[in-house]
Amino acid sequence: MSTTELPLASPSRTYASGAGFVRQHGSLIALALILLFNVMVTPNFVSLQTFFVNISQVATISIVAVGMTLVIATGGIDLSVGAVMALAGALAPLIFTSEFAQAYPVLGLTAAIAVPLVVALGCGVFNGSLVSLLNVQPIIATLILFISGRGIAQVLTNGNLQTFSNKAFSYLGTGKILGLPFQGWLVLALAIVIWWLVHRTLFGRYLLAVGGNETAARLTGAPVKRIKIGAYVICAGLAGLAGLIVVAINSASDAARIGNLMELDAIAAAVVGGALLQGGRAPVFGVILGAVIIQLVRYTLLANGVADEVALVAKAGIIILAVYIQQGRKD
């Protein structure tokens, strides 16, 4: 009677499969480790108040990061998202405190939401036009608004803190649905819409094709310039929405602080979530997961008495690790 011996996995093969598992599920593993650490070490981490605080703070990062992912999917980058947030956030209080808004409250509320968003979309057209029509490098093109956008916001507000009171507008930042913060539901709805846009529409297919191989996409008839402009417009529009949420939470606007270093958080969330800096991928829900990780890392450090400056170093380390994992996937 003959027997058949089962082949044994070689140590190198086992190591390769283990490394591949970590690369494929690195974000989920990181999230599990952070949650486990907080449950064991961080005081009062398991509480509804902590849960709501983290949802509120991760919402703006998630919204901006999803928009940033679309730009990264085209092989670009947008450094102006924080400045666009500041600009949109500065306009809303100016409208609320105007005589027009006080005379016509409903129209004032509509204008306080619509005008900042239109201005933000205009910023996206500006960025996208520089990149696609004038062939300016994305970093240089968006650096213009990165520098000037916040300056314009501070000029509009004379550098002062703008305060206002409007319950309907504040719902954007403090409202709740079924006991959960409104921003959380808004992020979920936006993620579903953007996922559908990327995976179920011709725009999404062209978007990924442009990032994967721009020359090939152009030869197949893809409207490369319009796709790029569209990505920057959506990114800027979402940044403007995030700026309004920050203003609504505080019922105040400080142009010098709104969206400060948001570009770093958005890029970090996109990279941790699986977006390739070379373009061609837009993992929307992965980016939401990346934003949660970025927020929890900052919360963990602050809750355990570590200075906020150290959180910046931690974010930089996370980006380096995520890029290393990306290189492994690419190979």
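1. Confidence. This is a predicted model, and the pLDDT averages 86 over the chain. A score of at least 70 is reached by 91% of the residues. The exception to be noted is residues 1-9, where the pLDDT is below 50. Beyond near neighbours in sequence, that stretch has one contact in the model. Where pLDDT is low, the predicted coordinates should not be read in detail.

2. Annotated spans. The unreviewed UniProt entry assigns the feature "transmembrane region" to residues 28-46, 52-72, 103-126, 138-157, 177-198, 229-252, 258-277 and 307-325. Two of these spans may be compared with the model. Residues 103-126 are 96% helix and 0% strand, and the C-alpha atoms at the ends of this span are 34 Å apart. Residues 177-198, by contrast, are 77% helix and 14% strand, with 27 Å between the end C-alpha atoms.

3. Packing of α3 with α13. How are helices α3 and α13 arranged relative to each other? Helix α3 comprises residues 48-73 and helix α13 residues 262-272. Their axes lie 8 Å apart and form an angle of about 70 degrees; the two helices are therefore roughly perpendicular to each other. The crossing of α3 and α13 is right-handed.

4. Residues joining α3 and α13. From α3, the contact draws on T60, I61, V64, A65, M68, T69 and I72. The α13 side contributes M262, E263, D265, A266, I267, A269 and A270. Classified by residue type, the contact of α3 with α13 holds ten nonpolar, two polar and two charged residues.

5. Packing of α10 with α12. Helix α10 (residues 202-212) packs against helix α12 (residues 224-250) at an angle of about 100 degrees, and their axes are 10 Å apart. This angle makes α10 roughly perpendicular to α12.

6. Residues joining α10 and α12. Which residues of α10 meet α12? They are F203, Y206, L207 and V210, and their partners in α12 are V224, I227, K228, G230, A231 and I234. The contact of α10 with α12 consists of eight nonpolar residues, one polar residue and one charged residue.

Methods:
Residues numbered from 1 in each chain as written. Predicted model: local features only at pLDDT ≥ 70, side-chain atom pairs only at ≥ 80, totals over all residues. Heavy atoms only, no water. pLDDT = per-residue confidence, 0-100. Contact = heavy atoms within 4.5 Å. Axes fitted to C-alpha atoms, helices over the stretch in contact; angles between N-to-C directions. Helix = DSSP H or I, 4+ residues; strand = E, 2+ residues; numbered from the N terminus. Parallel < 35°, antiparallel > 145°, perpendicular 65-115°, else oblique. Left-handed = near helix turned anticlockwise from the far one by under 90°. Nonpolar A, V, L, I, M, F, W, Y, C, P; charged D, E, K, R; others polar. UniProt positions renumbered as here; feature names shortened; annotations may be inferred.
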